Amino acid sequence: MKEFDFVHNDDGTITALRLKNNRYIALISFGKAEIPNLLADVTKRLPPEVRRYMTQIKGDKS
């Protein structure tokens, strides 16, 4: 099992999950339009893996 996983929900949001005690716990749900604001907000303590994923899909137009 990966430490982090990302689920694309039916409503267009993405949920970042983190493995804790052999269970995935939801960290944050966000839409693609929110990514630039989330990445710019220094008060959000997002794990580096979540920031990398957001940066990777930010430009993806699919």
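Q: Over how many bridges do β1 and β2 pair in this predicted model?
A: Let's start with how the two strands meet. Strands in a sheet are joined by backbone hydrogen bonds, in either a parallel or an antiparallel way. Here β1 and β2 pair in the antiparallel sense, and the count of bridges between them is 5.

Q: Which residue in β2 is the bridge partner of H8?
A: Now zoom in on a single bridge. H8 has its bridge partner in β2, and that partner is I14.

Q: Which strands are the edge strands of the open sheet?
A: The open sheet has 3 strands with antiparallel pairing, in the order β1-β2-β3. An edge strand pairs on one side only.

Q: What angle does the direction of α2 make with that of β1?
A: Picture the sheet first, with a twist that averages 30° from one strand to the next. α2 packs on this sheet and touches β1, β2 and β3. Its direction makes an angle with that of β1 of about 40°.

Q: Which element gives the most residues to the largest nonpolar core?
A: This core has 14 residues, and F6, F30, V50 and M54 have the most contacts inside it. Elements giving two or more residues are β1, β2, β3, α1 and α2. With 4 residues, the one that gives the most is α2.

Q: Which residues does V50 touch, leaving out those up to four places away in sequence?
A: V50 is one of the residues with the most contacts inside the core. Once residues up to four places away in sequence are set aside, V50 touches F4, F6, A16 and L27.

Technical notes
Residues numbered from 1 in each chain as written. Predicted model: local features only at pLDDT ≥ 70, side-chain atom pairs only at ≥ 80, totals over all residues. Heavy atoms only, no water. Core = buried A, V, L, I, M, F, W, Y, C linked by side-chain atoms within 4.5 Å. Buried < 20%, exposed > 50% of the residue type's maximum accessible area, 1.4 Å probe, protein only. Contact = heavy atoms within 4.5 Å. Pairing = 2+ DSSP bridges. Axes fitted to C-alpha atoms, helices over the stretch in contact; angles between N-to-C directions.
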